[in-house]
Amino acid sequence: MRIVILGSGRVGSRIANAMVDKGHTLIVIDEKERKFKALNEHQDIHRIEGNIFDDETSHLAFSETADVFIVVTGSDNVNVMVAQAIQKKYQIKNILIRIFDPDLADVYRMLGFEIICPTSYTISEIKKILGAVQ
Amino acid sequence: MYIIVVGGGKIGYNLTKFLLSAKHEVLLIEKDEARAASLVATFGESVMAGDGSRVPTLREGGANRADVLVAVTGADEENLVICQVAKTVFKSPRTIARVNDPRDEGLFSSMGVDATVSSTRVINALIEEQVNADEMIIPLLTLRAGNVEIIEMALSVDSKMTGKQIREIHLPEGARIIAILRGDEVIVPTGESKLISNDKILALVKKEVEQLLRKLL
């Protein structure tokens, strides 16, 4: 698969490192070059330094059709806007959006997006543990 | 009308000031606590501190009963999310977003935002039309499917309206002067109010008579 990741932070870089070992091709985009430090040196991990809203950057990333686009910058608002812009421009079928705010996550699920909400996940894990100790 | 304005920068501030003077019920939501506090000093209860791109904030602000929601923060992604949350959760009948980067405009209109206002685009259009600065017309808000606008207009230097009372001016059908801006002062005009040179006016106009009004002033 060809996987594009926006945001090379703790989550983005780890997904890239894990998926490249499974034989996938990764394109990782970040505005800050220093964020690529956590990425493994690998011929199938391509780094793009730039702003996704610049045509130059997005064309570099999506000139070849991507199978999955994973949007994990630190800002919920940026993530949903980028996802919609890229979906409109390149008709990517599988887009995963990280949204920290559970209410906002619900809104964009209602609008038909695939959302990962770490906050809800953490809460349910804690509930599970609390359930186990009771 | 009940109007929620999100973003208390220069645009949000002046819009709120104007909407209040036009006797609307207004709530201005500002994220920055310090900025919100200073806005409270001017607008009192019409200000709420909070992140307007979040559901609980909009709920607390009464978004479910708002007739219009205007998102004018400096960040396009914030303005988009505010309008989409308002549409999806609170079924807002009308959402208006400020677009800071003209490249985002197409995206906004296809994503559930009813109208966009881009100052970059307005200024660019003015430059392209080579309009003189003293006859500059800035559409502040396009209302109801773009047929009615609130515009700011400066009296021309040789305007025949200088020195006249509002009641003496034969305004075209579909145009109302809703405020006179004189220096830092905002005057809510009556028939007796007089226009003097260097005045600017805010007018509510139907698009088809905008040019007529412009000629008149």
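Predicted model: local features only at pLDDT ≥ 70, side-chain atom pairs only at ≥ 80, totals over all residues.

**Entry 1: where the helices cross**

I began with a pair of helices, one from each chain: the axes of α3(A) and helix α4 (residues 76–90) of chain B come within 8 Å and cross at roughly 80°. Angles of 65 to 115 degrees count as roughly perpendicular, so I noted α3(A) as roughly perpendicular to α4(B). On the side of α3(A), I listed A:Asn77, A:Val78, A:Val80 and A:Met81 as the residues that make the contact. Their partners in α4(B) are B:Asp76, B:Glu77, B:Glu78, B:Leu80 and B:Val81.

**Entry 2: the rest of the contact**

How many residues does the contact take from each chain? I found 17 from chain B and 14 from chain A. On the side of chain B that touches chain A, the elements giving two or more residues are α3 (55–60), α4 and α5 (105–110) of chain B. Of these, α4(B) gives the most, with nine residues.

**Entry 3: the sheet of chain A**

Next I traced the strands of chain A. I found an open sheet of six strands in the order β3-β2-β1-β4-β5-β6, with parallel pairing. Which strands are at the edges? They are β3 (45–49) and β6 (114–116) of chain A, and each pairs on one side only. I noted a twist that averages 20° from one strand to the next.

I then returned to α3(A), which I had met at the contact with chain B. Helix α3 (residues 76–90) of chain A also packs on the sheet, where it touches β1, β4 (68–71) and β5 (94–98) of chain A. The direction of α3(A) makes about 170° with that of β5(A).

For one strand pair I wrote down the details. Strand β1 (residues 2–6) and strand β2 (residues 25–30) of chain A pair in the parallel sense over five bridges. In that pair, A:Arg2 stands opposite A:Thr25 in β2(A).

**Entry 4: chain A as a whole**

I counted five helices and six strands in chain A. Along the sequence they follow the pattern β-α-β-β-α-β-α-β-α-β-α. The radius of gyration of chain A is 16 Å, close to the 14 Å that the globule rule gives for 134 residues, so I noted chain A as being as compact as a globular protein of that length. The C-alpha trace of chain A spans about 55 × 35 × 25 Å along its principal axes. Of the 134 residues of chain A, 34% count as buried. I also looked at contacts in chain A between residues at least 6 apart in sequence, and 39% of them join residues at least 24 apart.

**Entry 5: chain B as a whole**

Chain B gave me seven helices and 11 strands. Chain B is divided into domain 1 (2–122) and domain 2 (133–216). The centres of these two domains of chain B, taken over C-alpha atoms, are separated by 25 Å. Buried residues make up 37% of the 217 residues in chain B. Among contacts in chain B between residues at least 6 apart in sequence, 53% join residues at least 24 apart.

**Entry 6: a look at B:Leu28**

Is B:Leu28 buried or exposed? I placed B:Leu28 in strand β2 (residues 25–30) of chain B. The cut-off for a buried residue is 20 or more other C-beta atoms within 10 Å; B:Leu28 has 30 such neighbours, so B:Leu28 counts as buried. Leaving out residues up to four places away in sequence, B:Leu28 touches B:Val5, B:Gly8, B:Gly12, B:Thr16, B:Leu39, B:Phe43, B:Ser46 and B:Val47. I also checked B:Leu28 against B:Asp67: they are 39 residues apart in sequence and 14 Å apart in space, C-alpha to C-alpha.

- B:Lys23 has a phi near 70°. B:Lys23 lies in the loop between α1 (10–21) and β2 of chain B, and with 10 C-beta neighbours inside 10 Å B:Lys23 counts as exposed.
- B:Asn198 has a phi near 75°. The place of B:Asn198 is in the loop between β10 (185–187) and β11 (200–206) of chain B, and with 13 C-beta neighbours inside 10 Å B:Asn198 counts as partly exposed.

Conventions
Residues numbered from 1 in each chain as written. Chains lettered and ligands numbered in written order. Pairing = 2+ DSSP bridges. Helix = DSSP H or I, 4+ residues; strand = E, 2+ residues; numbered from the N terminus. Axes fitted to C-alpha atoms, helices over the stretch in contact; angles between N-to-C directions. Contact = placed C-beta atoms within 7 Å. Rg over C-alpha atoms; globule rule 2.2 N^0.38 Å. Buried ≥ 20, exposed ≤ 12 C-beta atoms within 10 Å, placed from the backbone. Domains from an automatic or database assignment. Parallel < 35°, antiparallel > 145°, perpendicular 65-115°, else oblique.
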